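Here is a short report on one protein chain. Sequence and structure come first, then the details.

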Amino acid sequence: MGVLPPRALRHRHHRRPSDAAAQARDQEGASLAASGSASGLYPTGDLRDQLAHAGRAVVQAGLVVGSGGNLSARAPGADECWVTAAGTWLDRLDRGSFVRIRIIDGATLDNSAGVAPSSEVALHLATYRARPDVNAVVHLHPQTVLLLDAVGAPIRLATTDHAFYLRRVATTPFVPPGHPDVGTLAAAACADGTNCVILSRHGCSVAADSVELAHKRAMYLEEAARLTYRALALAIALPSLPTDWLDDPLATA
């Protein structure tokens, strides 16, 4: 049997999958792998370090590009939060990439780096005011989520992971980015305990009691959208997943 020359082997190893389904599987595997640290454990300690880790992972997963998206977090019960600065790229964050903001009135408390907060800071503050249990808000621009929104197709929760972590998904009407109503509508949509809100033709706002859980929910939201899209491409209607098991206190994904 013949032996391929080294150059041919290199090309063979780096060849992209020949079919769209295999390519999508590879992308999803890379996306989920990107959500973990080198040790396999989510970072702890300074909230800015946790947000920087999440920022790198969501960019690697393709949930946002360029300087799109913004992140924030607060200590439980605190009336202040760290929010990404305007124009920051989420895969290049460090502690100087954040501004400390008072939640009740939006006043800047720490801006030692001399940067302005994200133009969507009102989205984060409105969510914290509406949800005392929320300690992290992740705003991204996931492409499959937005594609389904654009064509009017609701995201279906196809797996137990989706049902357990997302529970339900709400959508707000289109409002131009940076407009105060982005935050007002998102806060109203999540006031009943909904943690995943699609901002129509704009992005998503995902809330949780920790940075890690908000990050995880954002990943599963896009995964649910991808599975919904594939079912639509196959002209198959995804049946509803039973959810009565979620009422069990011991329920897990």
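## Threonine 88

The side chain of threonine 88 reaches the backbone oxygen of alanine 85 at 2.8 Å. That is a polar contact (a pair of N or O atoms within 3.5 Å; within protein, one must be able to donate a hydrogen and the other to accept it, and residues adjacent in sequence count only if both atoms are side-chain atoms). Threonine 88 sits in the loop between β2 (80-84) and β3 (98-102). Helices (H or I, at least four residues) and strands (E, at least two) are DSSP runs, numbered from the N terminus.

Threonine 88 is buried, because its relative accessible area is 15%. The cut-offs are under 20% for buried, over 50% for exposed, and in between for partly exposed (1.4 Å probe, protein chains only). Beyond its neighbours within four places in sequence, threonine 88 is in contact with Ser67, Leu93 and Ser97. Contact means heavy atoms within 4.5 Å.

## Basis of the model

This is a predicted model: local features need pLDDT of at least 70, side-chain atom pairs count only at pLDDT 80 or more, and totals for chains, interfaces and linings use all residues. Residues are numbered from 1 along each chain as its sequence is written, and side-chain values use heavy atoms, with hydrogens and water left out.

## The chain overall

The chain has eight helices and eight strands. Of its 253 residues, 43% count as buried. Among contacts with a separation of 6 or more, 64% come from residues 24 or more positions apart.

The chain exposes about 12900 Å². Carbon and sulfur atoms supply 55% of that area. Accessible areas come from the Shrake-Rupley method with a 1.4 Å probe; for residues, only the protein chains shown count as cover.

Histidine 124 belongs to helix α4 (residues 121-130). Histidine 124 counts as buried because its relative accessibility is 0%. Leaving out neighbours within four places in sequence, histidine 124 touches Asn70, Leu71, Ser72, Val83, Val137 and His139.

Threonine 172 is in strand β6 (residues 169-172). Its relative accessibility is 6%, so threonine 172 counts as buried. Its contacts outside four places in sequence include Leu185, Ala189, Val197 and Leu199. Threonine 172 and arginine 201 are 29 residues apart in sequence, and 9.7 Å apart in space, C-alpha to C-alpha.

## Positive phi values

Most residues other than glycine have a negative phi. Arginine 201 has a positive phi, near 60°. Arginine 201 lies in the loop between β7 (196-199) and β8 (203-208). At 55% relative accessibility, arginine 201 counts as exposed.

Arginine 167 has a positive phi too, near 65°. Its place is the loop between α6 and β6. Arginine 167 is partly exposed, with a relative accessible area of 39%.

Helix α8 (residues 211-233) has 23 residues. From first C-alpha to last, α8 reaches 33 Å, close to the 33 Å expected at 1.5 Å a residue. The expected span is 1.5 Å times one less than the number of residues. Alanine 235 follows α8 and has a positive phi, near 60°.

Leu147, Val151 and Tyr229 form a nonpolar patch on the surface. Together they have about 290 Å² of accessible area. Patches are made of residues with over 30% relative accessible area and no salt bridge: like charges are joined within 9 Å, nonpolar side chains (Val, Leu, Ile, Met, Phe, Trp, Tyr) within 5 Å. A salt bridge is a side-chain nitrogen of Lys or Arg within 4 Å of a carboxyl oxygen of Asp or Glu. Valine 151 lies in the loop between α5 (143-150) and α6 (160-166). Valine 151 is exposed, with a relative accessible area of 58%.
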